[in-house]
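Please have the sequence and the 3D view open while reading.

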Amino acid sequence: MPRISHLSLASLALLLAACFPSALPPATLTLAPPPQATAAIAATIAAPAVTAAPADPTISPVPPTAEAAPTATEAAVLYDGLAQGQTAGGFPALGDPNAPVALIDYSDFL
Amino acid sequence: MLTVEPEIIERYVRPGRVRLIFRDVLNHGERSERASEAAACAGRQGYFWHMHRLLFEAQDESWGAPRDQLVGQMIAFGARIEGLDQAAYGQCLAERATLAGLQAADREQRTRGVTVQPVFELAGRLYFGLPTVDQLSALLDEALR
């Protein structure tokens, strides 16, 4: 049986997308593009502690603990009743420093 | 952000399920820098999130200010925050005390692909684009399992 090339699979995907556009996820939220598009992209499946190079060398590990680690000192001023503070890296944080999940919002104020 | 973030704060941050962290992206030169400095300088007094909200609400004012009046615009924003020590805030802005740290963070995150905004990082993965509340909620629910 002949091997199906990646190009053939890609063409098939495009054809299906054209016929069934509603099957695609919304365009406003995308995972990081494949490594060949942007070499600097560093998205990875979460691992509790990544110390060694992952199996896929194009995906760089993002240490999940450093940024989310709570600091010992928290700002006294509340924001809408919520505790303000900083991460170990000095980035502003809102909410319980011991919350199970940290969500990082990278944004420009403009 | 003005529609998504407040909802996420109410659903996840307030109940203690998620901690929200902000990292500045400097994509618009001096305008971005001045705005981020305003937030950081307010943050030195514990008013980061107050200024954060104000800056997003007043984006039109930030864009409309002539370049040589950006600092004045940021000072005017500070005057709207009750409790903020205006003198200390203004000195922080004038000295650009927070700029180096903001630029360093921006450089570092660009090496990881954060060159647009907004970008969200959750459980070690980057998500590009502005999600709907439902989309972001789905991701958070999955991470909380």
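## The interface

How many residues of chain B are in contact with chain A? There are 66 of them, and they touch 49 residues of chain A. The model is a predicted one.

The size of an interface is often given as the accessible area lost when the parts come together. Between chain B and chain A about 5300 Å² is buried. Carbon and sulfur atoms give 61% of that area.

## Polar and charged pairs

The rule finds 23 residue pairs in polar contact across the interface of chain B and chain A, counting pairs with both residues at pLDDT 80 or more. On the side of chain B that touches chain A, 35 residues are nonpolar, 18 are polar and 13 are charged.

One salt bridge is found across this interface. A:Asp80 and B:Arg14 form a salt bridge, and their closest N and O atoms are 3.1 Å apart.

## Strands paired between the chains

Strand S5 of chain A (residues 101-107) runs parallel to strand S1 of chain B (residues 18-24). Seven bridges join these two strands. A:Tyr106 stands opposite B:Arg23, which is in S1(B).

## The disulfide

A disulfide is a covalent bond between the sulfur atoms of two cysteines. Over all chains the count is one. The disulfide is formed by B:Cys41 and B:Cys92, with sulfur atoms 2.0 Å apart. The torsion about the S-S bond is about -75°, so this disulfide is left-handed.

Which helices of chain B hold the two cysteines? B:Cys41 lies in helix H2 (residues 29-43) and B:Cys92 in helix H6 (residues 86-95), so the pair ties together parts that are 51 residues apart in sequence.

Note on methods: Residues are numbered from 1 along each chain as its sequence is written. Chains are lettered from A and ligands numbered from 1 in the order in which they are written. This is a predicted model: local features need pLDDT of at least 70, side-chain atom pairs count only at pLDDT 80 or more; totals for chains, interfaces and linings use all residues. Side-chain values use heavy atoms; hydrogens and water are left out. Contact means heavy atoms within 4.5 Å. Buried area is the accessible area (1.4 Å probe) that two parts lose on being put together, summed over both. A salt bridge is a side-chain nitrogen of Lys or Arg within 4 Å of a carboxyl oxygen of Asp or Glu. A polar contact is a pair of N or O atoms within 3.5 Å; within protein, one must be able to donate a hydrogen and the other to accept it, and residues adjacent in sequence count only if both atoms are side-chain atoms. Ala, Val, Leu, Ile, Met, Phe, Trp, Tyr, Cys and Pro count as nonpolar, Asp, Glu, Lys and Arg as charged, and the others, Gly among them, as polar. Two strands pair if DSSP finds at least two bridges between them. Helices (H or I, at least four residues) and strands (E, at least two) are DSSP runs, numbered from the N terminus. A disulfide is a pair of cysteine sulfur atoms within 2.5 Å.
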